[in-house]
Amino acid sequence: FATHLIVGATGFSDDMESGSGLWTTGGTNNRWRIGTYRSFSPTHAWYCGDSVTHQYSNNMNCYIQTVPFMTGDNSSLEFYRWFKVPLYGTDGIYVIVMHEGTADTLDFIGTGGALSDRGIQSGWFQERYALDRYPPGDTIQVRIAFYSDSDNDISEGFYIDDVAIRCITMIQEYGGPAPGRASLRLEPNPGARPLRATVQFD
């Protein structure tokens, strides 16, 4: 039988208390910034809007994106969000995973969304998404993109805090006969990342 190991750190975690070093940001009319006006824990969070008026503007299409990281077994994405947007329109955030050159949209949160079972506006709520579609050892990035339309109906917008990628490793006891000789295979090579190690028992 064979067992597979991931060599190297997996997952991601940031509470926004140490600056923006684990993120990149860009896009049109970009106003993403880390501030202290609202936060889940303890004092800082990402905010997309004006730091003085605490309002976003029309025609925004901008994002924050994590540095690349490796997925682990049964990975999941978690973050806290606070938001206030108009009842109608298309203002809101898209939760996106960047993987092998493609953008996989997991969710839209904002105007026109049915949020009755996921927490309401003007309150902190934790979002969770399973990432088990991405094999352990794959490299991904999480992007949170804010979009606002041009209808002149604006509000305070979105705050993002405590972003984490958590991994759960299931351990199963082997009850078969004692293994014999073992062989180790490293892919693709010891100098590349991610590195997968396969231990084969005869």
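Started at Phe79, which stands opposite Glu127 in S11. I counted two strands as paired if DSSP finds at least two bridges between them.

Before going on, a note on what I have open: this is a predicted model, where local features need pLDDT of at least 70 and side-chain atom pairs count only at pLDDT 80 or more, while totals for chains, interfaces and linings use all residues. Residues are numbered from 1 along each chain as its sequence is written, and side-chain values use heavy atoms, with hydrogens and water left out.

**Strand pairing**

I followed S8 to both partners I had noted. S8 runs antiparallel to strand S11 (residues 125–130), with six bridges joining them. With S13 the pairing is also antiparallel, over eight bridges, and there Tyr80 has Asp161 as its bridge partner.

Then I looked at S6. Strand S3 (residues 23–28) is joined to S6 by six bridges, antiparallel, and Thr28 stands opposite Asn61. S6 also runs antiparallel to S12, with five bridges; Cys62 is the bridge partner of Phe146 there.

How much of S8 is covered? I find eight of its nine residues buried, taking buried as under 20% relative accessible area, exposed as over 50% and partly exposed as in between (1.4 Å probe, protein chains only). Across the 202 residues of the protein chain, 39% are buried.

General reminder to myself: in soluble globular proteins, nonpolar side chains tend to be buried together.

I listed what Leu77 touches, leaving out residues up to four places away in sequence: among them are Val95, Leu106, Tyr129, Val142 and Ile165. Contact here means heavy atoms within 4.5 Å. Of the contacts in the protein chain with a separation of 6 or more, 74% are between residues 24 or more positions apart.

**Salt bridges**

I searched the whole structure and found five salt bridges, each a side-chain nitrogen of Lys or Arg within 4 Å of a carboxyl oxygen of Asp or Glu.

Which residues form a network with Glu78? Glu78, Arg128 and Arg166 are linked by salt bridges. Glu78 to Arg128 is 3.9 Å, N to O. Glu78 sits in strand S8 and Arg128 in strand S11, so this pair ties together parts 50 residues apart in sequence. Glu78 to Arg166 is 3.0 Å, N to O. Arg166 is in strand S13, so its link to Glu78 in strand S8 ties together parts 88 residues apart in sequence.

Buried or exposed? Glu78 counts as buried at 12% relative accessibility, whereas Arg128 is exposed at 58%. Arg166 is partly exposed at 45%.

Last, I checked Arg31 and Asp50, whose side chains meet in a salt bridge at 3.3 Å, N to O. Arg31 is in the loop between S3 and strand S4 (32–35) and Asp50 in the loop between S5 and S6, so the pair ties together parts 19 residues apart in sequence. Arg31 counts as partly exposed, at 31% relative accessibility.

Conventions
Helix = DSSP H or I, 4+ residues; strand = E, 2+ residues; numbered from the N terminus.
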